[in-house]
Amino acid sequence: MNTTVRGAIAGDAEAIAALGRESFSWAFGALFREDVLARYLDGTYSAEKIAGSLAKAANLYFVAEAEGRLQGFLKLKAGGPEAWQVQKLYVDPDLIQSGIGQRLMQAGEAAMRARNAPSAWLVVYKGNDRAIRFYRGLGYAETGVEFHDFEDIRIEFRRMSKAYALPTGALS
């Protein structure tokens, strides 16, 4: 399959929502009670919610696709002049470690650099060693710990960040 990475369009909302639901459930479903997981997925990965997110100027989405099938997506969120957030990176669970995540991150980081982002940050579930290694390999370093509450569940995340070189001629 020949995978293409491109900026997402409004017509991708339904496929992004479906892949988000599948990937999140695969990666994190065991951490949640079934009812909490269902409410989170309904609130975060409806096609309507994703369509609204795609329309926001502060968000950048990239998708990886082959033969008309979505294989992964990346969501970036502008954080003003300080930093951008790598908010979501999901790949079809059957395609994990196929290079799709790396290609999406390369496209996203190129877009952030083109917008003069000084740095980017993200959070990774503390138990997701594979993802932590992946981001370390891309040059992200652990910078702290964050906790996120999902109803009555508190989950610990590792905060990671990466500084970008200033463009040639930029003031520091």
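Mentor: A crossing counts as right-handed if the near helix is turned clockwise from the far one by less than a right angle, and as left-handed if it is turned anticlockwise. Please keep in mind that this is a predicted model.

Trainee: Understood. Which hand does the crossing of α1 and α2 have?
Mentor: The crossing of α1 and α2 is right-handed.

Trainee: And which residues make that contact?
Mentor: Helix α1 contributes R21, F24 and S25, while α2 contributes L37, Y40, L41 and D42. By class, the residues of this contact divide into four nonpolar, one polar and two charged.

Trainee: At what angle do the axes of α1 and α2 cross?
Mentor: They cross at roughly 150°, and the axes come within 10 Å. Angles over 145 degrees count as roughly antiparallel, and α1 and α2 are therefore roughly antiparallel to each other.

Trainee: Moving on to α1 and α3: how far apart are their axes?
Mentor: The axes of α1 and α3 are 8 Å apart, and the two helices pack at an angle of about 120°. Here, too, α1 passes α3 in a right-handed crossing.

Trainee: What meets what in that pair?
Mentor: From α1, the residues are A13, E14, I16 and A17; they meet A47, I50, A51 and L54 in α3. The contact of α1 with α3 comprises seven nonpolar residues, no polar ones and one charged.

Trainee: Which residues of α3 are buried?
Mentor: Helix α3 spans residues 47–55, and its buried residues are I50, S53 and L54. They cover an arc of only 100° around the axis, which puts them on the same side of α3.

Trainee: Then which exposed residues does the face turned away from that side carry?
Mentor: That face of α3 carries the exposed residues E48 and A55.

Trainee: A change of topic: T44. Where is it found?
Mentor: T44 is found in helix α2.

Trainee: Is T44 buried or exposed?
Mentor: T44 has a relative accessible area of 15%. Buried means under 20%, so T44 is buried.

Trainee: And which residues does T44 touch?
Mentor: Leaving aside residues up to four places away in sequence, T44 touches K49, I50 and K88. You will recall I50 as one of the buried residues of α3.

Conventions:
Residues are numbered from 1 along each chain as its sequence is written. This is a predicted model: local features need pLDDT of at least 70, side-chain atom pairs count only at pLDDT 80 or more; totals for chains, interfaces and linings use all residues. Side-chain values use heavy atoms; hydrogens and water are left out. Buried means under 20% relative accessible area, exposed over 50%, partly exposed in between (1.4 Å probe, protein chains only). Helices (H or I, at least four residues) and strands (E, at least two) are DSSP runs, numbered from the N terminus. The arc is that of the directions from the helix axis to the C-beta atoms. Axes are lines fitted to C-alpha atoms, for helices over the stretch in contact, and angles run from 0 to 180 degrees between N-to-C directions. Angles under 35 degrees count as roughly parallel, over 145 as roughly antiparallel, 65 to 115 as roughly perpendicular and the rest as oblique. Contact means heavy atoms within 4.5 Å. Ala, Val, Leu, Ile, Met, Phe, Trp, Tyr, Cys and Pro count as nonpolar, Asp, Glu, Lys and Arg as charged, and the others, Gly among them, as polar.
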